[in-house]
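Here are my notes on the model you passed along. Have a look at the structure first, then go through the points below.

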Amino acid sequence: MQQRHLNREQYFNELAQTAREHYIGYISRFQPITPTTKVLEVGCGEGGNLLPFAEMGCRVTGIERFPERVEQAQAYFQKKGYSGRFIADDFLKYKPQTNEKYDLVLIHDVIEHIPDKDSFLEHLKGFVHKDSLIFWGFPAWQMPFGGHQQICRSRLCSHLPFIHLLPVPVYRYLLKANKETTGCINELLDIRKSRVTTERFEQLAETHGLSIVDRCLWLVNPHYEQKFHLKPRKLPAALSRIRYIRNFLSTSCFYLTRYHQST
């Protein structure tokens, strides 16, 4: 397990820096970000992704199902001198207040954890208006660490690429043999079930009336600049057009979408 998964404030600051350097500019190419912009992040964790938007004067809201993460978000924002609204709730159970619509919605490293993606996308419609932009970021399932095995405590499992693609019995045996906890094993197997690829995401978008405004596939995830000091690198355009193969090479997939008939 990497130190950032234990030191949550470090993780908060790293996420904030990645959002500052890579998300803001990318999103701004398609929609202005101003002090009047209302931003929602679903699955906000400690709120690191939201901090740069708060720094720009945006009104930010985060929904997170783990109360301890919400407490950390509030504490870290207060420490930085910014305000944000953080809600401890399961997004699928949270009902938006009257006129609670957002101009920009961030859904980063979340969709690959959602078992019922259809219900998630339908529920999301209640939080947007006709001009709202939705930013998605997720690792393609087949990429070397698409199974999130980096959360393992054992050095072997946390550093082995592609082990999440093993047959389930072999994968489970490997995790148990390296003394991973039952909780960790169950989480990794749940991620295996709820995995997402570029093809699956684009199919979901079409089914639920989402227009894809832009897609950017990364050979070197922008967040790796903070984690490993690696320079972000986009997947070459020719490779990004090759279905299925691109999933093995896309360490992060950025999508910008809008609903066709948002209300």
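**Notes on the model**

1. Phe-162, Leu-165 and Phe-248 together form a nonpolar surface patch of about 240 Å². Patch members have over 30% relative accessible area and no salt bridge, with nonpolar side chains (Val, Leu, Ile, Met, Phe, Trp, Tyr) joined within 5 Å; a salt bridge is a side-chain nitrogen of Lys or Arg within 4 Å of a carboxyl oxygen of Asp or Glu. Areas are Shrake-Rupley values with a 1.4 Å probe, and for residues only the protein chains shown count as cover.

2. Before going on: this is a predicted model, where local features need pLDDT of at least 70 and side-chain atom pairs pLDDT 80 or more, while totals for chains, interfaces and linings use all residues. Residues are numbered from 1 along each chain as its sequence is written, and side-chain values use heavy atoms, leaving out hydrogens and water.

3. Phe-162 sits in the loop between α5 (155-159) and α6 (168-177); helices are DSSP runs of H or I, at least four residues, and strands are E runs of at least two, numbered from the N terminus. Its relative accessibility is 33%, so Phe-162 counts as partly exposed (buried is under 20%, exposed over 50%, partly exposed in between).

4. Now Glu-112, in the loop between β4 (102-108) and α4 (117-124). Buried or exposed? Glu-112 is buried, because its relative accessibility is 2%.

5. Beyond neighbours within four places in sequence, Glu-112 has contacts (heavy atoms within 4.5 Å) that include Phe-138, Pro-139, His-148 and Arg-195.

Notes:
Patch = residues over 30% accessible without salt bridge, like charges linked within 9 Å, V, L, I, M, F, W, Y side chains within 5 Å. Buried < 20%, exposed > 50% of the residue type's maximum accessible area, 1.4 Å probe, protein only.
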